[in-house]
Amino acid sequence: MAKRGAGVVQRGLLWGALGLGAISAVLFGLCFGYPCLPVLVRNGLWLERCPVGDMRLSAEVGAVAWVRGQQGAVRVAPRALFLEEGQEAAQARRFRRGVSATHTLKDGRGEVVSGFTVGKTKREPSGWTTAVTVPDVPDGDYILESVIDAGFDQVTVTVPVPLYAPALVHVASDRPLYKPGQDVLLRSVTWRRTDLAPLDGRTGTWKIIDPRGEVVHEERDAAGPWGVAGTSFPLDRRAEVGTWSAVWESGDAQDTIQFDVRPFKLPLCTVDVTPGAAWFGVSDRVWLEGTVQYASGAPAADAVVNMTLRQTDGRWPMPLEWGEPREVRTDSRGRFSVDVGTVPADLLETAVISASGSVVVDGDAVAWGGVAMTLSEDRIAAEAVTAFGGGLAQGFNNRVYVRVTTPDGRPLRQADVAVRPAWDPTAKVQDARTDADGVAALQVDPGAPVTVVIPAAPVRVRPLTPDEPRVTEARELMGSRPLDLAERRVLDGLQPAIASCGTLAPGGRDVVVGVEVGFGGEVVDVAAAEDQVDRCVVDAVRNARFVTGEARIYRLRWRVPDSLQPSLRVSLDAAAGSADALGTALGEAAVAARACLPRGVGQSGAVVLEGHWRTRVERTESGLVWREHSGHGLSRDQVSCVRAALTGVTIDPERAVSGLGSARVTLDVPRASGVASPKAGTLMGYELEIVASSDGEELGDTRLRLPTGTVPPLRLRASPTLAAPGQSVTVELLRGPGWVGELPRSLRLLEGTIELDEQDVSDGKVTFTIPDGVDGFVHAEYAGARAVVFVRRPDPLVVELSTERDVYAPGERATLVVTTRAGEQPVSASVGLMGVDSTLGQLAPLLQPDDPGRVLVRATSSEPAFGAFDAKALVLGTVQGENAAKAAVLRVQSLPMDPAGDTELYASTQAGPDATLELTEAFYAVYSRLRQSVRAWQAAAPEGEQMDPAGMAKLWADALGQQMRAGEPFEDAWGRPVTLDVLPDELLAQVDPRVVVTDATRLPEDVVDWIGWVRMEVH
């Protein structure tokens, strides 16, 4: 009984509390205004006035942190939409009570997915969050369908949920170049990013994009077995010429390739060019050999091959004459050879010369071929990779990887390498042995850096070529006319003779001559000024022969260009008397002496002759005595010629005066503009002398220059760098001068962000064991230092392709044999084969077998070690040597840091009423009935009856009633009938009597503002 009494008391207290709460709410409303209590009680939404019409529901639904096979959440954020009195724009408010939601997961076909379970719901400030379990469904596009019910309204929200594993995609086309009208064949492969397993059945989208960036084709597709999808796209015969793109998108993964579309013609033949030797050294004769064949394999006899050479690498410039085009012909077997020339003695370091040949067969198809030739000062070449930015650190035991090759790049495998400082012949020699890639590992203490001299490269100066003489003015004076074609041809024939006058015209001169020609075309007389250049031009013109005809007189102005031969500058210094007359005579003699000097010879500014002179009154002798200087770069014969020209100088007796003094003759040599004098460079660093030998026989020696390097505060060094699953790897922590603090107690071995192992650090070292099933790059890192290890697959996939026979005749069917192995064991695999005519490679680059590596290998290197070994080379297995792999790992810059498995998915969609759409649908439904009523009134109303605003308002009310009785849409989004006072101005204007009534005689002449009338009269 006591317990029952206690229950009565508790119920009484509860009802008392509710009563007090109700009284408090009323008092609160009296103090602060009257809220809309139904909305407040049901939805917890405080509104000072109740809404006009109905409230509507809007909701945002989001999938939060979805991962297949794990728990995620669905977040619902509802909002109440309503109109306030006198307002046209809807208000939106969040509310917290009176909402229920059901959630369903559907697949791309709209069928419900089983296994999608809904858990507890938690209320949050922004809405409700419900825990859900996402089933482990296949990759695809799914839909989260949520039905939100707030009592006053219900809305269905569909959220697209693309559930895809992180993937990598590779796309390839069957060729890089198409003609308009051809079919583009495309293939894609999709792999799961985590373990590179092919994703069978995964859906995606093909897109073809034209050169203007417009998507011209879009196709939904699904990958078949091995994750392979394919499509084709027929190009129109008028397809736009340019670069097109093809895209395969699947989830967040995509790959884009480009292909060209343009008209083209396959070359009928191929050009194969090879150098006469693997590489060439000083004094070696450089030559090329080649073969021209038709596509059928038949030799192209007597074909013209145009060869050009250009330098592509190295500081040493090739001789200028090597760059001149060459033309050769093939023999009866389609072969040809080109003699390039002898390598000069000034060859410096290593240079690469590219030779390309083009051939035109039967005046039609053009084919191209080329090859690179290597010229080397030394018999071997060496490159280095270090841990200190490519340099050596003073006072440290530097680990250096040195690759030794032949000058043309072939590695010296298993060769003995001796290294010592080039500046210290007494220094200890470091010995090492190269691996399968020609890389040796050494420990070097370089000591203090020294000044390393870098020899200057030779300068090639292209010979100066003077301009051609030209006629700048030519007229026949007696006929007052310009020259005709025949007369012009006569002047063209004078060009060689006029060009010879350039020796006497330093800097170039304009010469005007008058020419008298007789009836027979002979030159009767020539008149000009009387200096050396004028006389030279007169002599040239005097030998001309014009066409017969009337007597003529020509005025000709010639531009005589400088011959660009060296000039002689004479300077006189008088001790007594005047040197003016002698200076004039010597100046003319110096101009004439240019004939002694070929273009380009001599050192500009050098003194050629020096002497003294003596003149007397009314005497023509100059009294010159010369002595020769050295260092001017002229030959003895050239100096003798100049001396003779300047010794027999006479002066004008009318200007002769007594005098005595000295004379000097200097050389001025024209040079090509922009050519700088060669200068040697210097480097503060180290120069190593490297000698390679094999079986006691020396293979060659060279020198390697290295800059100074900087030691980081901490380094992590892994050994070995190449490992296999189950193998132990030791990581050393090496502190540098800048290290401050303690070493870590433990280190973790990571694959991306996945922890593989964690071990304690002991004596600055830690040892890990590579777990089974791991391949690719793993690493350990601490305080910005990182050690990288590459784990090779124990059973790498190998693909071999061969033909059943070596030779096939035209028309025979060829059989290809494809073999796939995992290690040594045969396995099933998907192989893509694409065949094109090899001559297409002359028009566009063909797809390479390692092209999938551009998407599969996501680790990157700062630059390839030795220009060849990077992260891609490690993954594809082209690095064979242990030392080469260690050097390649040193250059690995970034590693993919993806989390394991799927990434969390976040997606959201908002849905709610479309107030504009609901209003316009109801309006036009009633408006259609109104127009019918107006047409009926126009036909049946008595004559003279007119439509005024009140009449139109009555007809609209009747049409609205008919719509309501028919059960068809008649309300706006807020549940209000679409009476005239509800309509906005843009819809109300369409109900204006002057718009609806078609017979103007039924309208009053007095025009009433329809919208204003409605706003005043209709309520």
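Analyst: A nonpolar core is a set of buried Ala, Val, Leu, Ile, Met, Phe, Trp, Tyr and Cys residues joined through side-chain atoms within 4.5 Å. Buried means under 20% relative accessible area, exposed means over 50%, and partly exposed lies in between, with a 1.4 Å probe and protein chains only. The model is predicted, so local features need pLDDT of at least 70 and side-chain atom pairs count only at pLDDT 80 or more, while totals for chains, interfaces and linings use all residues. Residues are numbered from 1 along each chain as its sequence is written, and side-chain values use heavy atoms, with hydrogens and water left out.

Start with the cores. The largest nonpolar core has 33 residues. Val61, Trp66, Leu144, Val161 and Leu163 have the most contacts inside it. Two or more residues come from each of strands E1 (52-66), E2 (71-83), E7 (140-149), E8 (154-163) and E54 (905-911). Strands (E, at least two residues) and helices (H or I, at least four) are DSSP runs, numbered from the N terminus. E1 gives the most to this core, with six residues. A second, separate core has 31 residues, including Leu309, Phe336, Ile353 and Val371.

Next, the rings. The structure holds 18 aromatic pairs. Rings of Phe, Tyr and Trp (its six-membered ring) pair if their centres lie within 6.5 Å; planes under 30 degrees apart count as stacked, over 60 as edge-to-face and the rest as tilted. Phe233 and Trp244 have ring centres 6.3 Å apart and planes at 45°, so this pair is tilted. It links distant parts of the chain: Phe233 is in strand E14 (residues 228-234) and Trp244 in strand E15 (residues 242-250), 11 residues apart. Both Phe233 and Trp244 are buried. Phe777 and Phe790 also make a tilted pair, at 5.0 Å centre to centre and 55° between the planes. Here the partners are 13 residues apart, with Phe777 in strand E47 (residues 776-782) and Phe790 in strand E48 (residues 785-791). Phe777 and Phe790 are buried. One aromatic cluster brings together Tyr178, Phe233, Trp244 and Phe259.

Charges meet rings too. The charged end of Lys179 sits over the ring of Phe264, 5.1 Å from its centre. For Arg1002, the charged end sits over the ring of Trp937, 5.3 Å from the ring centre. The test is NZ of Lys or CZ of Arg within 6 Å of the ring centre and within 35 degrees of the ring normal.

Now a loop residue. Phe95 is placed in the loop between strands E3 (91-94) and E4 (100-106). Phe95 is buried, at a relative accessible area of 3%. Its C-alpha atom is separated by 5.5 Å from that of Leu45, 50 residues apart along the chain.

Last, the backbone. Ser719 and Pro720 are joined by a cis peptide bond, with omega about 0°. Pro720 is in the loop between strands E41 (714-719) and E42 (722-723). Trp226 is not a glycine, yet has a positive phi of about 65°. Trp226 is found in the loop between strand E13 (215-222) and E14. At 41% relative accessibility, Trp226 is partly exposed. Glu349, also not a glycine, has a positive phi of about 55°. Glu349 lies in the loop between strands E21 (335-342) and E22 (350-361). Its relative accessible area is 23%, so Glu349 counts as partly exposed.
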